[in-house]
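Me: I have not looked at this structure before, and I would like to learn how to read it one feature at a time. Could you take me through it slowly?

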Amino acid sequence: MNPMTRRELLRRSAHGFGYLALGALLARESRAATHFAPRAKNVILLFMDGGVSQVDSFDPKPRLKAEHGKPFGMKIDATQFDNVGKVLASPWEFKQYGQSGLPVSDLFPRIGALADELCVIRSLKSDFPEHAQATLMMHCGHPLQGRPSLGAWLSYGLGSTNTNLPTYAVVSGGMMPIGGVENFSNGFLPATHQGSMFDAFSGGEPIVDITPADKLDRQRSKLDFIAAADRGFLGSLGTKQGAVEAAIANYETAFAMQSAVPELTDLRGESDATKQLYGVDSPDKLKAQYARQLLLARRMVERGVRCVEVGYVRGVRVVAPWDQHEDLQKNHAVNANIVDQPIAALLTDLKSRGLLDSTLVIWTGEFGRTPFAQGSDGRDHNPQGFTVWLAGGGARGGMIHGATDEYGYRAVENVVTIHDLHATILHLMGLDHERLTFRHGGRDYRLTDVEGNVVKQVLA
């Protein structure tokens with residue numbers, strides 16, 4: 001008897017597709033094997049699009065007040081807009097919070113009240129002063145389009161704990177960070193790992209076409225037919241088989257999401273106390289919008305979504321809301337009022353539900369801002385030294401790591417690169433950044449490229 005080809009085996013085996021589906025599920029689970037015991041199971045990334053000023057938020061610099069209005073006393077790198085003004089003191093006061101005495105400005109009093117949960121890294125450094133490259137670098141570990149994002153790498157490395165929902169979700173507030181959807185891309189990883197966009201802004205369907213056009217049994221038949229047709233080509237595709245497998249998996253996830261997503265995004269089951277905690281009913285429509293996004297993020301991690309990024313709220317600025325080249329005091333205050341209560345509520349809610357220990361919350365922009373003025377009342381881009389904070393998920397609370405100089409311009413102590421940050425995040429999720437690789441174009445790629453070290457000092 002002549003041996004059967006792969007295509008013949010698939011075509012003739014009565015239960016072949018069922019076994020293949022089982023194999024896919026088992027493969028999905030096998031990716032969830034971590035390199036070592038994880039401290040966190042989920043990540044929530046709060047991206048402050050445009051770049052928050054570190055010297056006005058979590059990195060106080062008394063020297064700015066002492067030299068306000070004087071020429072800047074350090075060598076200045078080329079700025080984005082070449083409109084360098086004088087030293088600009090922070091218009092906000094800083095207070096020490098919690099047992100740790102961690103200083104936080106009056107921009108964020110509610111977050112400050114939770115200072116003992118925060119691991120503040122003051123010495124982050126990027127090489128890119130322009131929004132698109134810096135944003136892609138923060139998300140993907142590379143300044144150019146085409147690389148997988150952090151969320152995609154986590155999805156690839158850890159798999160899913162809920163097959164009815166995506167492993168990587170982006171909760172959109174109606175804005176897209178500069179660099180576009182590439183910030184949430186799967187890059188060269190299988191398409192199943194790209195970020196799934198949830199629209200929490202328009203008031204329409206949270207995901208386009210989530211409402212089934214057919215009855216579920218008819219739709220199930222269509223998907224089975226499409227899967228059978230697709231798998232009929234697998235034997236002849238060689239190395240391209242993964243793309244077809246990913247497409248089939250995406251069909252199946254989309255089908256499952258039609259029942260799971262409406263329940264996920266229905267906030268009516270949340271208590272009035274919880275809604276008030278977040279500010280869902282705030283008369284400030286932008287704060288209420290952001291509150292809904294963060295409440296949805298909490299519901300996602302409860303249901304096993306590995307990585308959730310929460311986008312910024314559309315309304316403050318059409319592009320890069322924190323990008324205050326002028327009117328710093330006015331616009332940073334507006335932005336902070338939108339996010340302070342909902343972010344503090346998220347941390348409080350996660351902790352009360354026993355989820356903060358297993359959920360790593362990350363607060364960051366793409367860079368910081370200059371301690372000298374742009375013009376008279378703005379701050380230009382500053383990638384030389386800025387602040388990010390972590391909470392929960394195995395990060396040490398109530399601590400400060402690293403430092404900038406006396407002006408808050410350059411990171412000078414325990415400098416942390418974007419690759420270091422990514423390596424640390426992966427480590428907390430149980431992944432060795434040097435071992436999490438994917439072969440593409442003849443070489444092994446990783447999120448941290450050929451760099452990056454875990455910042456062990458910030459680990460609890």
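Me: Which residues of H6 are buried?

Reply: This is a predicted model, and burial is judged in it by relative accessible area, with anything under 20% counted as buried. In H6 the buried residues are Leu150, Gly151, Ala152, Trp153, Leu154, Ser155, Tyr156, Gly157 and Leu158. That makes nine of the nine residues of this helix, which spans residues 150–158, so H6 is largely enclosed by the rest of the structure. Just after H6, glycine 159 takes a positive phi of about 70 degrees.

Me: Which strands pair with E9, and is the pairing parallel or antiparallel in each case?

Reply: Pairing is read from the bridges between strands, and then from the residues that stand opposite one another. Strand E1, residues 42–47, pairs with E9 in the parallel sense over six bridges; within this pair, leucine 45 stands opposite isoleucine 362, and leucine 46 stands opposite tryptophan 363. Strand E13, residues 386–391, runs antiparallel to E9 and is joined to it by three bridges, with tryptophan 363 opposite tryptophan 389.

Me: Which residues have the most contacts inside the largest nonpolar core?

Reply: A core is best read by asking who belongs to it and who touches whom. The largest nonpolar core has 61 residues, and those with the most contacts inside it are Leu46, Met48, Phe108, Tyr290, Ile343 and Trp389. Helix H11, residues 328–352, gives the most to this core, with ten residues. Leaving out residues up to four places away in sequence, isoleucine 343 touches Leu46, Met48, Ile111, Tyr290, Leu294, Trp363 and Trp389. There is also a second, separate core of 46 residues, which includes Tyr156, Cys307, Phe386 and Val416.

Me: Where is threonine 424 placed, and is it buried or exposed?

Reply: Threonine 424 lies in helix H12, residues 418–428, and it counts as buried because its relative accessibility is 2%. Its side chain reaches the backbone nitrogen of valine 455 at 2.9 Å. Apart from neighbours within four places in sequence, threonine 424 is in contact with Asn453, Val454, Val455, Val458 and Leu459.

Me: Over which residues is the pLDDT below 50?

Reply: Where pLDDT is low, the predicted coordinates should not be read in detail. The chain averages a pLDDT of 88, and 83% of the residues score at least 70, but over residues 11–30 the pLDDT is below 50. Beyond near neighbours in sequence, that stretch has twelve contacts in the model.

Conventions: Residues are numbered from 1 along each chain as its sequence is written. This is a predicted model: local features need pLDDT of at least 70, side-chain atom pairs count only at pLDDT 80 or more; totals for chains, interfaces and linings use all residues. Side-chain values use heavy atoms; hydrogens and water are left out. Helices (H or I, at least four residues) and strands (E, at least two) are DSSP runs, numbered from the N terminus. Buried means under 20% relative accessible area, exposed over 50%, partly exposed in between (1.4 Å probe, protein chains only). A polar contact is a pair of N or O atoms within 3.5 Å; within protein, one must be able to donate a hydrogen and the other to accept it, and residues adjacent in sequence count only if both atoms are side-chain atoms. Contact means heavy atoms within 4.5 Å. A nonpolar core is a set of buried Ala, Val, Leu, Ile, Met, Phe, Trp, Tyr and Cys residues joined through side-chain atoms within 4.5 Å. pLDDT is the predictor's confidence in each residue, from 0 to 100. Two strands pair if DSSP finds at least two bridges between them.
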